[in-house]
Amino acid sequence: CITVMGKRLFLETLTHPTYDETYLTREYEAIDHVLQTPTAFLDPYRKMLQAIYDIPSLNRQLLAQRMYPSGLYRLYKSVYAAHDILSQCDTTLRTYMGISCWTETDASLRRILSFLDDRLHLERCASMNHKVTTATQSQQLYDEPLFKPGFYPALDQLYTKYQTHQAQLHTIRLYWERQMSPTSNVGDYVKLCTTENNMYQINRN
């Protein structure tokens, strides 16, 4: 098994065998259909399956509203890989997987991918797997925002306000630097420090 979900289902099947002839016949027919497929055609499927994360776990995190941005990235990659696989499956395999209308399923998957890709900087989300607890992390989040502009006006205003304040802070620091030396650069004499409350203060060396 390649995916976590496949391993879980395999263990469940081994430990809870069924005697339902209809179910078993359906499974055997699906296995026979796959075995008749050339190995060279199946190899790309195995590689695509490696990109699929534990979707039930991601779903629980999403419903509990405890998903970090990295979870959204994993969800996107999983749906993307699943869409690639399903788009290359024939009608027999899609029917086995319970997909009665591929057109509707295809449209639904594309909507999910478009929703996430349009609104998020997914590559930035990939490494964000913890809470923001320090001023440095908070600054990084503003310097490289996770959300793309144009979808959430309140966030856009916060980003604009942050950039304005950063420019003002830079001007203040540069002013005090030049009081020490006309040729100094920001950071030579005046340091930006973080307080216990994750606020900033300017110190002079």
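## Exercises on a predicted helical model

Leu93 lies in helix α6, residues 91–96. The model is predicted. Work through the exercises below with the coordinates open.

**Exercise 1. Decide whether Leu93 is buried or exposed, and find which residues it contacts beyond its sequence neighbours.**

Solution. 
- Step 1: take the relative accessibility of Leu93, which is 19%.
- Step 2: apply the cut-off, where buried means under 20% relative accessible area. Leu93 therefore counts as buried.
- Step 3: set aside neighbours within four places in sequence. Leu93 then contacts His33 and Val34.
- Step 4: check the separation for His33. Leu93 and His33 are 60 residues apart in sequence, yet their C-alpha atoms are 8.2 Å apart in space.

**Exercise 2. Describe the packing of α3 against α5: angle, handedness and residues.**

Solution. 
- Step 1: locate the helices. α3 covers residues 39–49 and α5 covers residues 69–88.
- Step 2: compare the axes. The axes of α3 and α5 come within 9 Å and cross at roughly 160°.
- Step 3: classify the angle. Values over 145 degrees count as roughly antiparallel, so α3 and α5 are roughly antiparallel to each other.
- Step 4: assign the hand. α3 passes α5 in a left-handed crossing.
- Step 5: list the residues. From α3 come Phe41, Tyr45, Met48 and Leu49; they meet Ala81, Asp84, Ile85 and Gln88 of α5.
- Step 6: sort them by class. The contact of α3 with α5 has six nonpolar residues, one polar and one charged.

**Exercise 3. Find what sets the backbone of Gln65 apart, and where Gln65 lies.**

Solution. 
- Step 1: read phi. Gln65 has a phi near 55°, a positive value in a residue other than glycine.
- Step 2: Most residues other than glycine have a negative phi.
- Step 3: locate the residue. Gln65 is in the loop between α4 (55–63) and α5.
- Step 4: check accessibility. The relative accessible area of Gln65 is 73%, so Gln65 is exposed.

**Exercise 4. Summarise the whole protein: secondary structure, dimensions, burial and contact range.**

Solution. 
- Step 1: count the elements. The protein has ten helices and two strands. Their order along the sequence is α-α-α-α-α-α-α-α-α-α-β-β.
- Step 2: The protein has 26 Å, whereas a compact globule of 205 residues would have a value near 17 Å.
- Step 3: take the box. Along the principal axes, the C-alpha atoms fill roughly 85 × 35 × 35 Å.
- Step 4: check burial. Of the 205 residues, 23% count as buried.
- Step 5: check contact range. Among contacts between residues at least 6 apart in sequence, 52% join residues at least 24 apart.

Key. Residues are numbered from 1 along each chain as its sequence is written. This is a predicted model: local features need pLDDT of at least 70, side-chain atom pairs count only at pLDDT 80 or more; totals for chains, interfaces and linings use all residues. Side-chain values use heavy atoms; hydrogens and water are left out. Axes are lines fitted to C-alpha atoms, for helices over the stretch in contact, and angles run from 0 to 180 degrees between N-to-C directions. Helices (H or I, at least four residues) and strands (E, at least two) are DSSP runs, numbered from the N terminus. Angles under 35 degrees count as roughly parallel, over 145 as roughly antiparallel, 65 to 115 as roughly perpendicular and the rest as oblique. A crossing is left-handed if the near helix is turned anticlockwise from the far one by less than a right angle, and right-handed if clockwise. Contact means heavy atoms within 4.5 Å. Ala, Val, Leu, Ile, Met, Phe, Trp, Tyr, Cys and Pro count as nonpolar, Asp, Glu, Lys and Arg as charged, and the others, Gly among them, as polar. The radius of gyration is taken over C-alpha atoms; the globule rule is 2.2 Å times the number of residues to the power 0.38. Buried means under 20% relative accessible area, exposed over 50%, partly exposed in between (1.4 Å probe, protein chains only).
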